[in-house]
Amino acid sequence: MDTSYPREDYLPAPSHKREPSPTVLASPLPRDHLVWSVFNTIYMNFCCLGFVALAFSVKARDRKVSGDVEAARRFSSKARCYNALATAGSVVLPLLLAALVITGVIHLSKLAQESVGFFTYQFSGSDDEDK
């Protein structure tokens, strides 16, 4: 029974010596925040900040693909800031507006309840109150 592949008995023993591999501390590539920018552009485009963030995200992706990591970090940071501003503006301002409307309605309802007595005052012809 002859086999054409080598048997385990004849395989060379693996060497346990390892040469030290050069350790390269490569920093991770910057994120381009493209999905967040597209979301802000389509759904919450407060003062066109979502569109500006989209432009910086595309620039960051282009720089990352071309290999200019430092410029990609710079554009990525700007895209993140504009996205945060667009998201905050689109969430906080409607909540603030709703709070102002609710407090205005509450204030007006209290004023209406207080003024009911003024408008329902009846003038009587009797002089009982004078005595």
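Is His-33 buried or exposed? His-33 is buried, its relative accessible area being 13% (buried is under 20%, exposed over 50%, partly exposed in between, with a 1.4 Å probe and protein chains only).

This is a predicted model, so to speak of local features takes a pLDDT of at least 70 and side-chain atom pairs count only at 80 or more, while totals for chains, interfaces and linings use all residues. Residues are numbered from 1 along each chain as its sequence is written, and side-chain values use heavy atoms, with hydrogens and water left out.

**View 1. Confidence along the chain.** The chain has a mean pLDDT of 82 (pLDDT is the predictor's confidence in each residue, from 0 to 100). Residues at 70 or more make up 72% of the chain. Helices here are DSSP runs of H or I with at least four residues, strands are runs of E with at least two, and the numbering starts at the N terminus.

View 2. His-33 sits in the segment before H1, and its phi is near 55 degrees, a positive value in a residue other than glycine. Cys-48 has a positive phi too, near 60 degrees, and isn't glycine either. You'll find Cys-48 in the loop between H1 and H2. Cys-48 counts as partly exposed, at 46% relative accessibility.

**View 3. The salt bridge.** There is one salt bridge in the structure (a side-chain nitrogen of Lys or Arg within 4 Å of a carboxyl oxygen of Asp or Glu). Its partners are Arg-61 and Asp-32, with the closest N and O atoms 2.5 Å apart. The pair ties together distant parts of the chain: Arg-61 is in helix H2, Asp-32 is in the segment before H1, and 29 residues separate them. Asp-32 is buried at 8% relative accessibility, whereas Arg-61 is partly exposed at 37%. Side chains of opposite charge can pair when their charged atoms come close.

**View 4. The two sides of helix H1.** The buried residues of H1 are Ser-37, Asn-40 and Thr-41. Looking down the axis of H1, those buried residues fall within an arc of 100 degrees, so they line one face of the helix (the arc is taken over the directions from the helix axis to the C-beta atoms). Val-35 and Ile-42 are exposed on the other side of H1.

**View 5. A nonpolar surface patch.** Trp-36, Val-38, Phe-39, Ile-42 and Tyr-43 make up a nonpolar patch on the surface, with about 520 Å² of accessible area together. Patch members have over 30% relative accessible area and no salt bridge; nonpolar side chains (Val, Leu, Ile, Met, Phe, Trp, Tyr) are joined within 5 Å, like charges within 9 Å. The areas come from the Shrake-Rupley method with a 1.4 Å probe, and for residues only the protein chains shown count as cover. Val-38 belongs to helix H1, residues 34-42, and is partly exposed at 33%. Trp-36 also lies in helix H1 and is partly exposed at 32%. Between Trp-36 and Ser-57, 21 residues apart in sequence, the C-alpha to C-alpha distance is 9.2 Å.

**View 6. The largest nonpolar core.** Five residues form this core: Phe-56, Ala-60, Ala-71, Phe-75 and Ala-79. Helices H2 (49-66) and H3 (69-119) each supply at least two of its residues. H3 gives the largest share, three residues. A core of this kind is a set of buried Ala, Val, Leu, Ile, Met, Phe, Trp, Tyr and Cys residues joined through side-chain atoms within 4.5 Å.
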